[in-house]
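Subject: Structure for you to look at

Hi,

Here is the structure I promised to pass on, with the sequence alongside. Could you open it in your viewer and follow along with my notes?

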Amino acid sequence: QVQLMESGGGLVQAGESLRLSCAASGSILSIDDMAWHRQAPGKERALVAQITRSGMTRYVDSVKGRFTISRDNAKNTVYLQMDSLKPEDTAVYYCAAVVRTYSGSWMNYWGQGTQVTVSS
């Protein structure tokens, strides 16, 4: 069993910053790609940023230059530094990870989500 636990969400004003963290635990042999997704009210869940095990990153256009994804492979943790936040960034943020468990299988796991609210 693998668990992903997010933390760091909250209520901030436009222009401020937040840092989200997501720690994976359980029967983990290795972790491949890790990512952050978000789901705003009335919208579908969408990718925000992704990072490979070697550190290659990609971002959705709307957050480029404002958000930074990073990871600590020794801690099985992924981070999302969010700067210059805008009201349209308001959403529930979910982390995801492609995990190889001790059974040898690769599976995609999701966290429970953390709320980010940006007031204008």
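Ser84 is partly exposed, with 41% relative accessible area. Before going further, please keep in mind that this is a predicted model. Ser84 sits in the loop that runs between β8 and β9, and its phi is near 50°, which is a positive value in a residue other than glycine.

You will find Asn76 in the loop between β7 and β8, where it is partly exposed at a relative accessible area of 23%.

**A salt-bridge network around Asp89**

Three salt bridges turn up in the model. Which residues are linked in a network of salt bridges? They are Arg38, Arg66 and Asp89.

Take the pair of Arg38 and Asp89, whose side chains meet with N and O 3.0 Å apart. This bridge joins distant parts of the chain, 51 residues apart: Arg38 belongs to strand β4, while Asp89 is in the loop between β8 and β9. Arg38 has a relative accessible area of 15%, so it counts as buried. Asp89 is buried too, because its relative accessibility is 1%.

The remaining salt bridge pairs Lys64 with Asp61, and its closest N and O atoms are 3.0 Å apart. Asp61 is exposed, because its relative accessibility is 61%.

**A buried glutamate without a salt bridge**

Now for Glu6, which you will find in strand β1 (residues 2-7). Glu6 is buried and yet has no salt bridge. How far away is the nearest side chain of opposite charge? That side chain is Arg45, at 7.5 Å, whereas a salt bridge needs the nitrogen and the oxygen within 4 Å.

What does lie by the polar atoms of the Glu6 side chain is backbone. The backbone nitrogen of Cys95 is 2.8 Å from one polar atom of that side chain, and the backbone nitrogen of Gln112 is 3.0 Å from a polar atom of it. Leaving out residues up to four places away in sequence, Glu6 touches a list of residues that includes Ser21, Cys22, Trp36, Tyr93 and Thr114.

Cys22 and Cys95, both among the contacts of Glu6, form a disulfide with their sulfur atoms 1.9 Å apart. Cys22 is in strand β3 and Cys95 in strand β9, so the link ties together parts that lie 73 residues apart in sequence. The angle about the S-S bond is 40°, and the link is right-handed. The count for the model is one disulfide. Cys22 is buried, at 0% relative accessibility, and Cys95 is buried at 0% as well.

In soluble globular proteins, nonpolar side chains tend to be buried together. In this model, the largest nonpolar core has 30 residues, and those that touch the most other members are Leu4, Trp36, Phe67, Val78, Leu80, Met82 and Tyr93. At least two core residues come from each of β1, β3 (18-26), β4 (28-39), β5 (46-51), β7 (67-72), β8 (77-82), β9 (91-101) and β11 (114-119). Which strand gives the most to this core? That is β9, with five residues.

Best wishes

Terms used: Residues are numbered from 1 along each chain as its sequence is written. This is a predicted model: local features need pLDDT of at least 70, side-chain atom pairs count only at pLDDT 80 or more; totals for chains, interfaces and linings use all residues. Side-chain values use heavy atoms; hydrogens and water are left out. Helices (H or I, at least four residues) and strands (E, at least two) are DSSP runs, numbered from the N terminus. Buried means under 20% relative accessible area, exposed over 50%, partly exposed in between (1.4 Å probe, protein chains only). Lys and Arg count as positive and Asp and Glu as negative; His and the chain ends are not counted. A polar contact is a pair of N or O atoms within 3.5 Å; within protein, one must be able to donate a hydrogen and the other to accept it, and residues adjacent in sequence count only if both atoms are side-chain atoms. Contact means heavy atoms within 4.5 Å. A nonpolar core is a set of buried Ala, Val, Leu, Ile, Met, Phe, Trp, Tyr and Cys residues joined through side-chain atoms within 4.5 Å. A disulfide is a pair of cysteine sulfur atoms within 2.5 Å.
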